[in-house]
Amino acid sequence: MSTRKRVSTIFNHQIPQTIRNSLHWLQTEATHLSPPFLPKPPSYLATNIIKSYFENGQIQEAQILFDEMPRKDVVAWTAMISGYNSCSFHKRAWSLFCAMMRDCRGVVPNEYTFSSTLKACKGMKSQFCGSLVHGLAIKYAMPGCIYVDNVLLDLYATCCGNMDAASMLFGEIGTKNAVSWTTLIAGYTHQDDGYGALQVFRQMLLAGEELNPYCISIAARACTSIGSYMHSKQIHAIVVKNGFESNTPVMNAIMDMYCRCGSLGEADVCFHVMTEKDLITWNTLIAGYEKSYPNKSLKIYSRMELEGISPNCFTFTSILAAVANLAVLSFGEQVHGLIVKRGLEGNLELDNALIDMYAKCGNIMDSRKTFDRMPSKNLVSWTSMMIGYGSHGYGKEAVDLFDEMVKSGIMPDRIVFMAVVGACSHAGLVEEGLRYFTSMVHDYNIKPEQEIYGCVVDLLGRAGRVEEAYELIKSMPFLPDETVWAVFLGACKMHKRPELGKLAVSRVLELRPGIAGTYITLSNLCAADGNWREFAAARKLMRRLGNKKETGRSWVELQNEIYCFVAGDKVGSHMEWVYRVLEKLLQHMKDAGYFPELDYFLHDLEDGT
DNA sequence: ATAGGGTTAG
């Protein structure tokens, strides 16, 4: 059925048969009627219909009706602009605004038009269009209208990340309302500046502005980015005090906040107390457990299915991440199956999660297949694929992928540089890795921070260029943190450099005391050096700490069973098999010309750690 | 008749 035909069918259903003719008649012929007899202008009706078309997702129908309107007033134009916004066709909304301004019939935009158009600019993430409209808005004397002011604020804060401009605009708003405050706070959280956000939140409370659910959930989000338990508790208290405990979106934000500052227990309590859970409630808890207790994530998911709640893309992204953490390929394949069955294939974020899952479960081929199948990729897709290649030792592939990505016009960020340098590091491609590091700083003007320095130190360190790594650390434009020293320590250990190693240990201990693993490394370094007195001292220090290094566990999956074991394990009926497999592996290793490094292994074992 | 702020992922 052609679209035009469908339009008339819908007309027949929704409004009387004659309406289309009447519309036309009213607009062309009825203008001579005197006021008391003048019916409501016909464009009211048409505009209403346009609105309801958009609400039902019938976009083409709306456009056709609009095109047929003989006289388009500003309200009709604005309804079209906001309609296109509502279905995320921001570019269409923008071109409608341009068309309206070009229209020779001289339609004058009003405050509604400006707020809708500015929203479209935000949707397009176009600072350029935004400034343009800002200028026009000033020309039409729009600032002063709170709706226009707020969306301008939103544009500068959330879309351009220009908090200076945003604060200035905020200061210029004469009578701020709750939306102004929330928008400013949201801008700070968007910049990951939780402290800035909470500061504004505090000012808002001091200014006597009344609290509302929107603003509470955004404040909770600010806490999330700080990761502070104390602040979280305070926000939760505000929720209780103001009686927002029954507001589902607010409680979702509170749960998310607890999950992200590591208080899963508190999140769980909130979850059980909530009487009205929505899909986001479930998704939040599943995502919360994904990192530290992936199996629990899966359990919550199955309970969700039992309660008849239908999962969406968000749910499956977290589930895939949980499966990736468990590294059980057969689970991952099942989840992939579920996604296909639910018809959720082709979602960008899901595909990204699939790339990551297959790589972490050891199936790099299916990672690549997913990657190649994607109709459009974003930076995360490329990065996930590179990380996958890196962890599988395919440095060359990662490097090629990086170059291909740049050629396809995607702008690299610091994380993708970490991915490619990391991949070079694991594959021994030292020169390439250094080249990317230099390129990041010089060609892309990205300021290096701790993490990327850690990657480069690792790159040099692994390759045995320990001195160079040390020089790099010394030349860093800020004080290296414990992660950088820990990476360096690994290199010293690997290449038997006890002197530099001890230096690294002392730095790590200064910056982050209380980690048993550091003492173990220290003692091993002393042992390798033959210095048994220092060895004993290090071990003693560690015991006084009373904090045991978490046992390193290994597992194999055989015929739907997972067999878990630790070094030196003797119990369990399956251990006999484990040792048999181990012997085979050792033989393969030796055949390939590798010999086990026992130095450190023995000492680690001795403590029963 | 047309306009507003709150869940992903490397």
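A residue is taken as near a molecule or strand when one of its heavy atoms lies within 4 Å of it. In this predicted model, local features require pLDDT of at least 70 and side-chain atom pairs pLDDT 80 or more, whereas totals for chains, interfaces and linings use all residues. Residues are numbered from 1 along each chain as its sequence is written, chains are lettered from A and ligands numbered from 1 in the order in which they are written, and side-chain values use heavy atoms, without hydrogens and water.

Around DNA strand B there are 42 residues, of which Tyr 112, Asn 150, Asn 177, Arg 221 and Glu 349 come nearest. Sugar or phosphate accounts for 23% of the atoms of DNA strand B within 4 Å of the protein, and bases for the rest. A side-chain N or O atom of Arg 221 lies 2.4 Å from a phosphate oxygen of DNA strand B.

Salt bridges (a side-chain nitrogen of Lys or Arg within 4 Å of a carboxyl oxygen of Asp or Glu) number 21. One of them pairs Glu 451 with Arg 414, with 2.7 Å between the closest N and O atoms. In another, the side chains of Glu 467 and Arg 497 meet at 2.5 Å, N to O. Arg 221, Asp 256 and Arg 260 are joined into one network by salt bridges that share partners.

Notes
Polar contact = N/O pair within 3.5 Å; in protein donor to acceptor, adjacent residues only side chain to side chain.
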